[in-house]
Amino acid sequence: MIVLEAVLPDTPGNFMELINPIAENGDNIYGIIHNHDKKKNNLIPVQVTFELNEELLETNLDKIKTILEKKGIKISKLTRELEQQKIKIILWGHFFETDIVDTIKRVSEKGARISEICI
């Protein structure tokens, strides 16, 4: 997933100018957050989450950036996020009798997030 953040002037057509280059490359747009309530100095922050063909990732990103720059749209942030998965893990053994906090810390250090613990 790619997350692109930009600030657009609040004038008709600017929103389409931002998303058209993404759609024209045949990429899938998954979400758009148009923060009209956070408008400041007639500028609106917009976040677009989309997916690019992995084989053409760098080429398409370069095309999108070039087109947006030519249109005067400044990208404030462009990141590639790893897909997140939610999984359930069943643990058994002595860690409940000793210190489950240590187990939680060790799991968290690996980048996982624990959302629920059932005993």
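1. Basis of the model. The structure is a predicted model, in which local features need pLDDT of at least 70 and side-chain atom pairs count only at pLDDT 80 or more, whereas totals for chains, interfaces and linings use all residues. Residues are numbered from 1 along each chain as its sequence is written, and side-chain values use heavy atoms, with hydrogens and water left out.

2. Overall make-up. The chain contains 3 helices and 4 strands, where helices (H or I, at least four residues) and strands (E, at least two) are DSSP runs numbered from the N terminus. Along the sequence these elements follow the pattern β-α-β-β-α-β-α.

3. Of the 119 residues in the chain, 21% are buried; buried means under 20% relative accessible area, exposed over 50%, and partly exposed in between, with a 1.4 Å probe and protein chains only. Among contacts (heavy atoms within 4.5 Å) with a separation of 6 or more, 63% are between residues 24 or more positions apart. The chain exposes about 9,300 Å², and carbon and sulfur atoms supply 51% of that area, as computed by the Shrake-Rupley method with a 1.4 Å probe.

4. The sheet. The 4 strands form an open sheet in the order β2-β3-β1-β4, with antiparallel pairing; two strands pair if DSSP finds at least two bridges between them. Because β2 (28-34) and β4 (75-80) stand at the edges with a single partner strand each, one side of each is left without a neighbour in the sheet. From one strand to the next, the twist averages 20°.

5. Two loop residues to check. Most residues other than glycine have a negative phi. Asn41, in the loop between β2 and β3, has a positive phi of about 55° although it is not a glycine, and Asn41 is exposed, with a relative accessible area of 68%. Asn42, also found in the loop between β2 and β3, has a positive phi of about 65°, and at 37% relative accessibility Asn42 counts as partly exposed.

Notes
Axes fitted to C-alpha atoms, helices over the stretch in contact; angles between N-to-C directions.
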